[in-house]
Amino acid sequence: QVQLVESGGGLVQAGGSLRLSCAASGRTFSNYAMGWFRQAPGKEREFAAAISRSGTYTSYADSVKGRFTISRDNAKNTVYLQMNSLKPGDTADYFCAASPSLGGSSYYLRASEYDYWGQGTQVTVSS
């Protein structure tokens, strides 16, 4: 079992920045590829960003590419999502997720590929 706890959400004006954190516990963090997903009110959960076990490989949804940066610190068992140039359309609950990864270069884009999820942190971007 892996337990994930997100933090760092809040209310921010358009153009502002937030950094989300996701602290993991329970298993060897570096064995897991990690991802961030988001779910806006009335919409389905969507992929935002993913990172491989070592942090070398990353992937982003087109909607956040160039504005968001995913990173991880395996020594601190934490994955981050730095969000810059925020837009009202980024308003959503943000969830981190963990997937056991056999390949060091693997990352995953689909929610179904993740086994463990956090409870989410709310991000609201005002115009």
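A charge sits over a ring if NZ of Lys or CZ of Arg is within 6 Å of the ring centre and within 35 degrees of the ring normal. The model is predicted. It holds one disulfide, five salt bridges and six aromatic pairs. The points below take these contacts by topic.

**Charges over rings**

- Arg-72 has its charged end over the ring of Phe-29, and here the distance to the centre is 4.4 Å.

- Arg-72 belongs to strand β7, which covers residues 68–73.
- Arg-72 is buried, yet it has no salt bridge.
- The nearest side chain of opposite charge is that of Asp-73, 8.3 Å away. A salt bridge needs a nitrogen and a carboxyl oxygen within 4 Å.
- Arg-72 does have polar partners. A polar atom of its side chain lies 2.8 Å from the backbone oxygen of Ser-52.
- The side chain of Arg-72 also makes a polar contact with the side chain of Asn-74, at 2.7 Å.

**The disulfide**

- Cys-22 and Cys-96 are joined by a disulfide, with 1.9 Å from S to S.
- Cys-22 lies in strand β3 (residues 18–25) and Cys-96 in strand β9 (residues 92–100), so the bond ties together parts that are 74 residues apart in sequence.
- The torsion about the S-S bond is about 45°, so this disulfide is right-handed.
- Cys-22 is buried, at a relative accessible area of 0%.
- Cys-96 is buried too, with 0% relative accessibility.

**Salt bridges around Asp-90**

- Arg-38, Glu-46, Arg-67 and Asp-90 are linked in a network of salt bridges.
- Asp-90 meets Arg-38 in a salt bridge of 2.8 Å, N to O.
- Asp-90 lies in the loop between β8 (78–83) and β9, and Arg-38 lies in strand β4, so this pair ties together parts that are 52 residues apart in sequence.
- Asp-90 also meets Arg-67 in a salt bridge, at 2.7 Å from N to O.
- Arg-67 sits in the loop between β6 (58–60) and β7, and Asp-90 in the loop between β8 and β9, so that pair ties together parts that are 23 residues apart in sequence.
- Buried means under 20% relative accessible area. Asp-90 is at 2%, so it counts as buried.
- Arg-38 is buried, with a relative accessible area of 6%.
- Arg-67 counts as buried at 11% relative accessibility.

**The salt bridge of Glu-113 and Arg-110**

- Glu-113 forms a salt bridge with Arg-110, and the closest N and O atoms are 3.5 Å apart.
- Glu-113 counts as partly exposed, at 25% relative accessibility.
- Arg-110 is exposed, with a relative accessible area of 53%.

**Aromatic rings**

- A pair of aromatic rings is described by the distance of the centres and the angle of the planes.
- The structure holds six aromatic pairs. One of them is formed by Phe-37 and Phe-47, and it is edge-to-face: 5.7 Å centre to centre, with 75° between the planes.
- Phe-37 is in strand β4 (residues 32–39) and Phe-47 in strand β5 (residues 46–51), ten residues apart, and their pair links distant parts of the chain.
- Both Phe-37 and Phe-47 are buried.
- Phe-37 and Phe-47 form one aromatic cluster with Tyr-108, Tyr-114 and Trp-117.

How values were computed. Residues numbered from 1 in each chain as written. Predicted model: local features only at pLDDT ≥ 70, side-chain atom pairs only at ≥ 80, totals over all residues. Heavy atoms only, no water. Disulfide = S-S within 2.5 Å. Helix = DSSP H or I, 4+ residues; strand = E, 2+ residues; numbered from the N terminus. Buried < 20%, exposed > 50% of the residue type's maximum accessible area, 1.4 Å probe, protein only. Lys, Arg positive; Asp, Glu negative; His and termini not counted. Polar contact = N/O pair within 3.5 Å; in protein donor to acceptor, adjacent residues only side chain to side chain. Phe/Tyr/Trp six-rings, centres within 6.5 Å; stacked < 30°, edge-to-face > 60°.
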